[in-house]
Amino acid sequence: MDADGEAKLFDDGDSFDSSWSLIARNKMINAQLRKRGIHDRRVLEALANVPRELFIPADLAGRAYEDCPLPIGYGQTISQPYVVALMLQLLESGPEDRVLDVGSGSGYQSALLGRMVKSVYGIERIIALAASAREALAKLRIENVTIRTGDGSLGWPAEAPFDYIICGAGAPEVPQSWIDQLIDGGRIVMPVGQAASQVLIVAEKHGSEMVRHEICAVRFVKLLGEQGWAT
Ligand code: SAH
């Protein structure tokens with residue numbers, strides 16, 4: 001890192017990157033992330049190098065780096081960049097880890113994780129969102145992220161155990177299947193609470209116990225499914 005701490009966050013050239021996007025991302029990283037306490041270099045690098053506009057509807061591309069969630073269709077949203085960065089920072093994942101991303105939606109968070117860990121398993125219940133997520137990931141040549149459709153409240157038993165589980169949808173409680181599919185010492189970052197408002201939690205598995213930390217109040221869409229909210 002050089003004196004201003006900003007150099008070399010960005011990779012060299014990517015055919016899908018345009019200069020407006022690079023400039024907007026750089027601004028987002030400084031104004032929305034660093035200033036609010038996102039300091040994990042791997043998280044900042046991931047956000048610096050994944051073009052968010054590829055994961056939102058084309059007519060919203062110009063708003064890709066605004067400090068807010070955006071609609072991605074089907075009543076779902078892509079989270080505010082700061083919230084995504086905060087969740088990734090709380091995960092504390094490493095380059096050799098396998099991560100389950102439940103409610104992969106647009107695929108943006110999965111793409112960021114793809115740049116940070118060994119392999120990412122994304123589950124999305126809406127078929128069309130899973131398809132467009134795969135398309136965006138292919139454009140970016142991110143090959144260590146697998147997206148499948150299904151009820152992610154039940155986890156992904158065939159690929160378990162996971163080092164980390166992250167979820168961008170709120171549930172009444174941490175699904176038991178996720179606890180069962182997590183390694184000892186692994187952690188889950190997710191919103192838990194009521195349908196209209198939740199608390200972002202970090203839950204760490206220690207043998208048969210889950211040690212839970214509450215981070216902040218948040219508002220996410222519902223995790224719908226067998227171990228989430230009723231459909
Ligand atoms: N991290 C995502 C956020 C998407 S919003 C992104 O970067 O775009 C949360 C997503 O969870 C929605 O797409 C919704 O369809 C999905 N979802 C809700 N319940 C689910 C379930 N039981 N299994 C899988 N996906 C679910």
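Ser-177 is buried, at 9% relative accessible area; buried means under 20%, exposed over 50% and partly exposed in between, with a 1.4 Å probe and protein chains only. Ser-177 sits in helix H6 (residues 176-180). Helices (H or I, at least four residues) and strands (E, at least two) are DSSP runs, numbered from the N terminus. Setting aside neighbours within four places in sequence, Ser-177 is in contact with Ser-153, Leu-154, Gly-155 and Gln-227. Contact means heavy atoms within 4.5 Å.

This is a predicted model: local features need pLDDT of at least 70, side-chain atom pairs count only at pLDDT 80 or more, and totals for chains, interfaces and linings use all residues. Residues are numbered from 1 along each chain as its sequence is written, and side-chain values use heavy atoms, with hydrogens and water left out.

## Overall fold

The protein chain has 6 helices and 9 strands. Its radius of gyration is 17 Å, close to the 17 Å that the globule rule gives for 231 residues, so the chain is as compact as a globular protein of that length. The radius is taken over C-alpha atoms, and the rule is 2.2 Å times the number of residues to the power 0.38. The C-alpha trace spans about 45 × 35 × 30 Å along its principal axes. Of the 231 residues, 51% count as buried. Among contacts with a separation of 6 or more, 55% come from residues 24 or more positions apart.

Helix H1 (residues 19-33) has 15 residues, which should span 21 Å at 1.5 Å a residue; its end C-alpha atoms are 20 Å apart, which agrees. The expected span is 1.5 Å times one less than the number of residues. The buried residues of H1 are Ser-21, Arg-25, Met-28, Ile-29, Asn-30, Gln-32 and Leu-33. Their cover includes helix H2 (41-49) and helix H3 (81-91).

H3 is mostly covered, with 11 of its 11 residues buried. Among them are Pro-81, Tyr-82, Val-83 and Gln-89. Glu-92 follows H3 and has a positive phi, near 55°.

## Helix H5

Helix H5 (residues 127-139) has 13 residues. From first C-alpha to last, H5 reaches 19 Å, close to the 18 Å expected. Its buried residues are Leu-129, Ala-130, Ala-133, Ala-136 and Leu-137. Seen down the axis of H5, these residues fall within an arc of 125°, so they line one face of the helix. The arc is that of the directions from the helix axis to the C-beta atoms.

What do the buried residues of H5 pack against? The partners are strand E1 (70-73), strand E2 (76-78), helix H4 (108-114), strand E4 (119-124) and strand E5 (145-149). The face turned away from the buried side carries the exposed residues Ile-127, Glu-135 and Ala-138. Just after H5, Arg-141 takes a positive phi of about 55°.

## Tyr-108 in H4

Tyr-108 lies in helix H4. Tyr-108 is buried, with a relative accessible area of 1%. Beyond its neighbours within four places in sequence, Tyr-108 is in contact with Leu-47, Val-50, Arg-52, Phe-55 and Ile-78. Ile-78 is 30 residues away along the chain, yet the two C-alpha atoms are separated by 7.8 Å.

## Aromatic rings

The structure holds 4 aromatic pairs. Rings of Phe, Tyr and Trp (its six-membered ring) pair if their centres lie within 6.5 Å; planes under 30 degrees apart count as stacked, over 60 as edge-to-face and the rest as tilted. Tyr-121 and Trp-156 form an edge-to-face pair, at 5.5 Å centre to centre and 80° between the planes. Tyr-121 lies in strand E4 and Trp-156 in the loop between E5 and strand E6 (162-167), so the pair ties together parts that are 35 residues apart in sequence. Tyr-121 counts as buried at 11% relative accessibility. Trp-156 also counts as buried, at 8%. Tyr-121, Trp-156 and Phe-162 form one aromatic cluster.

Two rings carry a charged side chain over the face. A charge sits over a ring if NZ of Lys or CZ of Arg is within 6 Å of the ring centre and within 35 degrees of the ring normal.

| Charged residue | Ring | Distance from ring centre |
|---|---|---|
| Arg-36 | Tyr-82 | 5.2 Å |
| Lys-222 | Trp-229 | 5.7 Å |
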